[in-house]
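Here is a short report on one protein chain. Look at the sequence and the model first, then read on.

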Amino acid sequence: MEQSDTIERLQEKASDLGRLERHLGREQVQLIVERSKALEQAERANKRPKRAFEMS
């Protein structure tokens, strides 16, 4: 049952992505996703503790 719920949620997310691509255009959606990933990566890097030998 849990697996079917997960599949249903993923299918809804895929449908939502398709709606966004039709409205905004595939390139625009891809650009937004790439920027979001880069921002998340930068935030993770800032949360990492600095090592003693690193210069700030």
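The report below covers the overall fold, the helices, the salt bridges and a surface patch.

## About the model

This is a predicted model: local features need pLDDT of at least 70, side-chain atom pairs count only at pLDDT 80 or more, and totals for chains, interfaces and linings use all residues. Residues are numbered from 1 along each chain as its sequence is written, and side-chain values use heavy atoms, with hydrogens and water left out.

## The chain as a whole

The chain has two helices and zero strands. Both terms refer to DSSP runs, numbered from the N terminus: helices are H or I with at least four residues, and strands are E with at least two.

The chain holds 56 residues, and 4% of them are buried. Buried means under 20% relative accessible area, exposed means over 50%, and partly exposed lies in between (1.4 Å probe, protein chains only).

## The helices

Helix α1 covers residues 2–24. Its 23 residues reach 33 Å from the first C-alpha to the last. That is close to the 33 Å expected at 1.5 Å a residue. The expected span is 1.5 Å times one less than the number of residues in the helix.

After α1 comes G25, whose phi is positive, near 100°. Helix α2 spans residues 26–47.

## Salt bridges

A salt bridge is a side-chain nitrogen of Lys or Arg within 4 Å of a carboxyl oxygen of Asp or Glu. By this rule there are three salt bridges.

R19 takes part in a network of salt bridges with E12 and D16. The closest N and O atoms of R19 and E12 are 3.7 Å apart. For R19 and D16, the closest N and O atoms are 2.7 Å apart. R19 and D16 both lie in helix α1, three residues apart, about one turn of the helix. R19 is partly exposed at 42% relative accessibility. E12 is partly exposed too, with a relative accessible area of 42%. D16 is partly exposed at 31%.

R26 and E21 also meet in a salt bridge, at 3.5 Å from N to O. R26 is exposed, because its relative accessible area is 56%. E21 is partly exposed, at 23%.

## A nonpolar surface patch

Helix α1 gives the largest share of the patch, three residues.

L20 is found in helix α1. L20 is partly exposed, because its relative accessible area is 43%. Leaving aside neighbours within four places in sequence, L20 is in contact (heavy atoms within 4.5 Å) with G25 and V29. I32 lies in helix α2. I32 is partly exposed, because its relative accessible area is 44%.
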